[in-house]
Amino acid sequence: MITLRQLEFALAVAKYKHFKRAAEECNISQSALSLGIAELEKQLDTQIFERNNKQVLITPIGEEILERATRIFAEVNDLVTRAQTHQTPLAYPMTIGIIPTIAPFLLPKVLPLLRQQFPQFQLNVVEEQTERLLEKVRYGAIDTAIIALPYNTDGLLSFEFWSETFLAVFAKDSKHANLPSINADELANSNLMLLGEGHCLTDHALSVCHLDKSRVKHAFSEASLHTLIQMAISGMGTTLVPQMASQQVRQQTANVSLVPLNEAGPHRRLAFVTRLNYARVDDVNLLGRLFAQGLHDSELASAPATPSTIDTKSMTSANPATEA
């Protein structure tokens, strides 16, 4: 059986046209190198080198063999390099699916940290509803997805990295704007507008508030969450947004009031999901930790400078990414 070591000996001899220098290059004795070359030629039943006391010549068939050996050795080196690179965190591009009620609020908070720590990482984003994303994950169309739990993720790995509550959006002049919190009946009676079928934010909101779909206005079921926010700010009713959206909503206009629900939280949990046999599961877990840190840092940056927010102990309490 031909070995890579024998090919290495032959390539070294071809490089130097000298057995002693080739042996030094391969860090072995000259006799061991000569024995390896002889064994290679025996296995191939072909003479690669002509040698005498003065010079080393390569035979015509030897030129062809060494050309192929060069390609083989290059492929093996590339294989090793790729394997080593694969062990380097986030060394290869990843395609991540994110649901629409998370992507626009999450990415601005986490991408700066990701770019700072892994500037070479290539991130591709697919934005779809949860069921479609899970199907893409299962069939290998994307590497992983970020979804909101609770949701059925049977047959997949789930890594939770964050949890949050919901806030009701009102115009500043609304009668509900100054409430310390709002209950389900008050929500239902304030023209509650939620996303249409297939959006898990709607299902989670109805579940948290113990509301029936018949009590929610669906005239705008095809609208985006951004559109519903603008309609609420304009005084046309209210909608619910995740806590991570609060900073961006307030930055859009001063004419907004965000009122917490009086239902105990957290109201939804965020998680990465991927296939059971996905080879880069460590990268997914790492992304979970990075995203949790980015969200935590964003919360600290937007919070008032009180002793509790500048306490070093509280700064290290970011939600870790754990397997569900």
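**Close-up views of a predicted model**

Asp-45, which follows helix α3, has a positive phi, near 55 degrees. The model is predicted: local features need pLDDT of at least 70 and side-chain atom pairs pLDDT 80 or more, while totals for chains, interfaces and linings use all residues. Residues are numbered from 1 along each chain as its sequence is written, and side-chain values use heavy atoms, without hydrogens and water.

**View A. Helix α3 and its buried side.** Helix α3 spans residues 30–44; helices are DSSP runs of H or I with at least four residues, strands runs of E with at least two, numbered from the N terminus. Leu-33, Gly-36, Ile-37, Leu-40 and Glu-41 are the buried residues of α3 (buried: under 20% relative accessible area; exposed: over 50%; partly exposed in between; 1.4 Å probe, protein chains only). They lie on the same side of α3 because their arc around the axis is only 135 degrees (taken from the directions from the helix axis to the C-beta atoms). Ser-31, Leu-35 and Lys-42, on the other side of α3, are exposed.

**View B. Ring pair Phe-161 and Phe-272.** This aromatic pair is tilted, at 5.1 Å centre to centre and 45 degrees between the planes (Phe, Tyr and Trp rings, the six-membered one for Trp, pair with centres within 6.5 Å; planes under 30 degrees apart are stacked, over 60 edge-to-face, the rest tilted). Phe-161 is in strand β6 (156–164) and Phe-272 in strand β10 (268–275), so the pair ties together parts 111 residues apart in sequence.

**View C. Ring pair Phe-161 and Phe-291.** With centres 6.2 Å apart and planes at 80 degrees, the pair is edge-to-face. Both residues are buried.

Terms used
The expected span of a helix is 1.5 Å times one less than its number of residues.
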